[in-house]
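Q: I have a structure open and would like to go through it piece by piece. Can we start with the strands?

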Amino acid sequence: MPEDSIEHINFEQINELAISKPLVSHIYTADPSAHVFNGKIYIYPSHDIDAGIPFNDNGDHFGMEDYHVFSMDDISSEAVDNGVALHVDDVAWAEKQMWAPDAAYKNGKYYLYFPAKRADGIFQIGVAISDSPVGPFIPEKEAIKGSYSIDPAVFEDEDGKHYIYFGGIWGGQLQKYRNNKYDQNNEEPLAEEKALGPIVALLRDDMLEFAEEPKEIKILDENGNEILAGDNDRRFFEASWVHKYNGKYYFSYSTGDTHFICYAIGDNPYGPFTYQGRILNPVVGWTSHHSICEVDGEWYLFYHDSSLSKGVTHLRSMKVTKIDYLKDGSIITIDPYGIRRLID
């Protein structure tokens, strides 16, 4: 929901109409990445704080410093805060802005992937390791070589391979990169040019580095053409996520300044992915960020909004609601403050 409309919202009414309530209210949490490990739900969100920084398009007001991991015995149980799992002060290469993380499991170890800004103001992605899904996580001394931008999301395919997806424009700095190379003079493509795509790389067997050069993903329209930069309702902005349903790969993401969570479908983890529609309509607050997780044979959308903070865009609260698929594999669009409706 656009920032300039906040003052007109009746938040008591919004909270009454909301299809889900915040999972926790003692701290602000956003960008929830949810997984089932050993039969239990674990959520890895950002931890929002009020850093006292004015709102700007670079997201400087999102001044998060640490991560808490939350656990749930089942989808209807209380979300338990397991305390600080990693703090920016523990990360040698990072200075600030611990943005949206994700986690993965392999061979008895848990891996937390997170973006942060180095002292030079450039985002990279780091990894930290734990014997427990709730941490504490011990970070590697250096960021992942060749990593950049924000919003890491790790997908484990059925063959056991792990792929990491990342990237975000504007404050996420993706527009400064071409072919994995940074240039301060680079900017977003023009409206009639192809939109920038998210980035994917296979992870090495030890989960600590890329096993290959990162590749840009193509998101196609219904005619097989790449989505254009000026198509703000459909082009990628940030918040990559991948899940697999009935043999197809679903790539979902945020459109940023138009505030939709959309999805596209492909036949392999690298894409291309063909745009299908919207999963989530705009929420209160500027950002929209999500994950999709299967729990006990049902699919759920974990997301956030700013209704608990009465519209403060950088003070968000994570929520969860059920996802419904049609027989053709399409997802029914979720209206966060009213009835669900089919995609137009």
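A: Four strands, in the order S5-S6-S7-S8, form an open sheet with antiparallel pairing. Strands here are DSSP runs of E with at least two residues, numbered from the N terminus, and two strands pair if DSSP finds at least two bridges between them. This is a predicted model, where local features need pLDDT of at least 70, side-chain atom pairs count only at pLDDT 80 or more, and totals for chains, interfaces and linings use all residues. Residues are numbered from 1 along each chain as its sequence is written, and side-chain values use heavy atoms, with hydrogens and water left out.

Q: Which are the edge strands there?

A: Strand S5 (102–106) and strand S8 (138–139), each of which pairs on one side only.

Q: How many bridges join S5 to S6?

A: Five, and the two strands run antiparallel. Tyr105 stands opposite Tyr110 in S6. S5 and S6 form a hairpin with two residues between them, and Asn107 in the turn has a positive phi of about 50°.

Q: And S6 with S7?

A: S6 and S7 pair in the antiparallel sense over eight bridges. Tyr113 is opposite Val127 in S7. Five residues lie between the strands of this hairpin, where Gly121 takes a positive phi near 85°.

Q: What about S7 and S8?

A: Strand S7 (residues 123–130) pairs with S8 over two bridges, in the antiparallel sense. Ala128 has Pro139 in S8 as its bridge partner.

Q: Is S6 mostly covered or exposed?

A: Mostly covered: eight of its nine residues are buried. Buried means under 20% relative accessible area, exposed means over 50%, and partly exposed is in between, using a 1.4 Å probe and protein chains only.

Q: New topic. Which residues touch the most other members in the largest nonpolar core?

A: Tyr113, Tyr165 and Phe251, out of 42 residues in that core. A nonpolar core is a set of buried Ala, Val, Leu, Ile, Met, Phe, Trp, Tyr and Cys residues joined through side-chain atoms within 4.5 Å. Strands that each supply at least two residues include strand S6 (109–117), S7, S9, S10 and S13. Apart from this core lies another, of 23 residues, among them Ala18, Trp241, Tyr250 and Tyr325.

Q: What does Tyr165 touch?

A: Leaving out residues up to four places away in sequence, its contacts include Asp151, Phe155, Ile199, Val242, Phe251 and Pro269. Contact means heavy atoms within 4.5 Å.

Q: Now Lys319. Why does it count as buried?

A: Lys319 counts as buried because its relative accessibility is 0%. The residue is in strand S22. Its side chain reaches the backbone oxygen of Ser20 at 3.2 Å. That is a polar contact: a pair of N or O atoms within 3.5 Å, where within protein one must be able to donate a hydrogen and the other to accept it, and residues adjacent in sequence count only if both atoms are side-chain atoms. Beyond four places in sequence, Lys319 also touches other residues, including Lys21, Leu301 and Tyr303.

Q: Where is Ser309?

A: In the loop between strand S21 (298–305) and strand S22 (317–322). Ser309 is buried, with a relative accessible area of 9%. A polar atom of its side chain lies 3.2 Å from the backbone oxygen of Ser306. Leaving aside neighbours within four places in sequence, Ser309 is in contact with Tyr28 and Leu315.
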